[in-house]
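Subject: Structure handover

Hello,

Here is the structure for you to look through. My notes come after it.

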Amino acid sequence: MAKTYTSRNWVKSRVTKEDLNNFVATGALAKKEIIHWRAPGGEIPPQPKDGEIIVFADHLGRGFSPPGSKFFRDVLHFFRLHPQDIGPNSVSNICNFQVFCEVYLQQEPTVELFREFYYLNRQSEFIDGPNLELGGVSI
């Protein structure tokens with residue numbers, strides 16, 4: 001029997017341009033003139049244009065600000081992930097580890113050290129199947 005995959009994780013976003021401007025006002029998001037951002041349309045699942053990434057409002061509320069730190073991008077690159085692949089708690093874990101290294105250990109965080117403390121938990125519809133589309137990986 002062939003494996004099938006059903007995408008049912010995405011729902012229409014409720015984020016508006018006003019919400020994004022509020023993130024700009026609090027400093028969680030750079031001005032639109034500095035980095036291009038747009039409020040999501042009605043597409044389900046989201047359809048990012050070339051050069052765009054999907055970032056969730058919950059990510060911004062937990063300290064992630066695109067394009068993210070070099071360490072954050074290195075972790076995602078190492079595990080072959082995109083921001084939409086991980087949930088807000090995973091973003092917090094990566095950011096907290098970076099602060100721990102920089103403030104308490106007084107050294108730059110590395111992916112190698114990160115891997116000593118954290119692991120990936122991939123969530124799928126079935127054994128050895130693809131990750132769930134939305135937040136399908138926990139760190």
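The notes below cover a pair of helices and then a pocket.

This is a predicted model, where local features need pLDDT of at least 70, side-chain atom pairs count only at pLDDT 80 or more, and totals for chains, interfaces and linings use all residues. Residues are numbered from 1 along each chain as its sequence is written, and side-chain values use heavy atoms, with hydrogens and water left out.

Helices here are DSSP runs (H or I, at least four residues), numbered from the N terminus. Helix α3 (residues 70–78) and helix α4 (residues 88–105) have axes that come within 10 Å and cross at roughly 130°. Axes are lines fitted to C-alpha atoms over the stretch in contact, and angles run from 0 to 180 degrees between N-to-C directions. α3 is therefore oblique to α4; oblique covers whatever is left after under 35 degrees (roughly parallel), over 145 (roughly antiparallel) and 65 to 115 (roughly perpendicular). In the contact (heavy atoms within 4.5 Å), α3 uses Phe71, Phe72 and Val75, while α4 uses Val91, Ile94, Phe97 and Gln98.

The largest pocket holds about 1,200 Å³ of space. A pocket is an open set of points on a 1 Å grid over the protein atoms alone, where a 1.4 Å probe fits, with protein on both sides within 12 Å along at least five of seven lines; lining residues have an atom within 4 Å of a point. The volume is the space filled by probe spheres set on the points, which are joined across faces, edges and corners. Among the 44 lining residues, Ile53, Ile54, Val55, Phe56 and Ala57 are the closest to the centre of the largest pocket.

Regards

Note on methods:
Helices (H or I, at least four residues) and strands (E, at least two) are DSSP runs, numbered from the N terminus.
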